[in-house]
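The sequence and structure come first, and my notes follow.

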Amino acid sequence: MTKILCFNANEERIPFIEEWAATHKIKVDYVSEFLTLETVHMLEGYDGVTVAHVGDFDSNLYPILKEMGIKQVAQRTAGYEIFDLEEASKNDIIITNVPSYSPESIAEYSLMLGLQLVRKSHQLDKKVAVRDFSWTQDIRARVIKDMTVAVIGVGHIGLLVAKLYKAFGANVIGYDPYPKAGLEDIITFCDSVEDAVKQADLVSLHMPAFKDNYHLFNDEMFKLMKNDAYLVNCARGTLVDTSSLLNALDAKEIAGAALDVYENEAPYVPGNHEGKEIEDSLFKELLEHPKVTFYHHCAYYTDVSVRNMTQFALDATLEILQTNDTNYRVN
Ligand code: NAD
């Protein structure tokens with residue numbers, strides 16, 4: 001009987017693992033440990049493996065996995081930059097990821113952040129907390145129908161975001177190096193990020209982070225934005241130079257930002273730091289800034305995402321075990 005082992009499987013994954021195992025009549029076990037040189041022996045007797053690595057994946061594991069007869073490693077998230085794909089291929093190990101587990105989850109959440117900025121929910125919360133029920137200009141809002149929204153990166157998530165804002169009646173523009181045809185009723189593509197950003201009342205980021213777009217949103221980019229424009233980032237923290245963002249907010253170059261990601265979030269997210277000092281002074285400043293809403297990389301975190309991440313990785317594993325290939329492969 002085919003046997004699969006899921007590493008670093010936390011409690012919330014277990015029902016989805018068991019559901020998949022029952023449906024496919026495959027033996028699937030799970031352990032809480034990460035797959036490392038110390039734990040690789042746990043794979044003895046198994047045919048396939050899924051992981052959800054966040055830190056580096058030790059390249060010395062590939063020859064060991066090959067020696068053990070393992071053909072693949074299925075990452076349960078979209079990110080696979082932690083794997084040395086060349087080393088994996090050299091050892092005939094197929095690496096897979098789950099590129100799109102629920103674009104709706106991230107798109108709806110991005111819209112929520114946009115609405116919070118536009119309707120000034122942050123300021124409303126503060127007023128109600130001190131029982132100030134007055135109508136003052138700091139809580140007077142705008143209407144999305146009257147706004148131009150720029151979606152940067154129009155892929156699985158960006159396109160859904162564009163459709164959501166379009167449903168509110170916004171003028172939706174955007175930039176993508178590979179603009180898709182046939183979307184004229186939803187979005188108008190601009191020739192550059194700068195071109196889109198200049199026109200926008202709200203900028204929503206949905207592109208992947210690469211070396212060449214590191215700190216794309218820097219001093220120069222913020223100067224191009226309208227002074228009353230908002231920034232929403234549910235993509236990757238490194239797209240935004242946090243110092244420049246804080247300066248732009250203080251200099252009133254832009255009106256506010258809602259972020260689901262921060263460029264140096266890794267030591268803190270996920271994790272409970274209640275009562276502990278935040279040692280990263282930039283992060284602290286961001287968290288305390290009155291014009292910033294920050295959440296801790298929760299856009300993806302829905303029931304359907306957790307199910308799909310768990311089960312699509314198992315699908316990829318089984319496909320490789322049965323056919324030696326899968327569309328989920330990244331090497
Ligand atoms: P996708 O690959 O479907 O779409 C990305 C789009 O960005 C593509 O159309 C691509 O052509 C475009 N793109 C590439 N480089 C660009 C650039 N320099 N400028 C503008 N556009 C560019 O990916 P997706 O599934 O829509 O995910 C988008 C991003 O969302 C991911 O890369 C990830 O960073 C982020 N994400 C965040 C969460 C979260 O929980 N916050 C969860 C999942 C994904």
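Predicted model: local features only at pLDDT ≥ 70, side-chain atom pairs only at ≥ 80, totals over all residues.

Sheet. With that rule I find 5 strands in an open sheet, in the order β2-β1-β3-β4-β5, and the pairing is parallel. The edges are formed by β2 (27-30) and β5 (94-96), each of which pairs on one side only. From one strand to the next I read an average twist of 20°.

β1 and β2. I then followed strand β1 (residues 3-6), which runs parallel to β2 and is joined to it by 4 bridges. Within this pair, cysteine 6 stands opposite tyrosine 30 of β2.

Helices on the sheet. I looked up helix α1 (residues 14-24), which packs on the sheet where it touches β1 and β2, and whose direction makes about 165° with that of β2. Helix α11 (residues 303-323) also packs on the sheet, touching β1, β2, β3 (48-51), β4 (72-75) and β5, and its direction makes about 155° with that of β3.

Cysteines. How many disulfides does the rule give? Taking a disulfide as a pair of cysteine sulfur atoms within 2.5 Å, I count 0 disulfides. Cysteine 234 is in none, and the nearest cysteine sulfur, that of cysteine 298, lies 10 Å away. I also checked burial: cysteine 234 counts as buried because its relative accessibility is 8%, and cysteine 6 is buried with a relative accessible area of 1%.

Conventions. Residues numbered from 1 in each chain as written. Heavy atoms only, no water. Buried < 20%, exposed > 50% of the residue type's maximum accessible area, 1.4 Å probe, protein only. Pairing = 2+ DSSP bridges. Helix = DSSP H or I, 4+ residues; strand = E, 2+ residues; numbered from the N terminus. Axes fitted to C-alpha atoms, helices over the stretch in contact; angles between N-to-C directions. Contact = heavy atoms within 4.5 Å.
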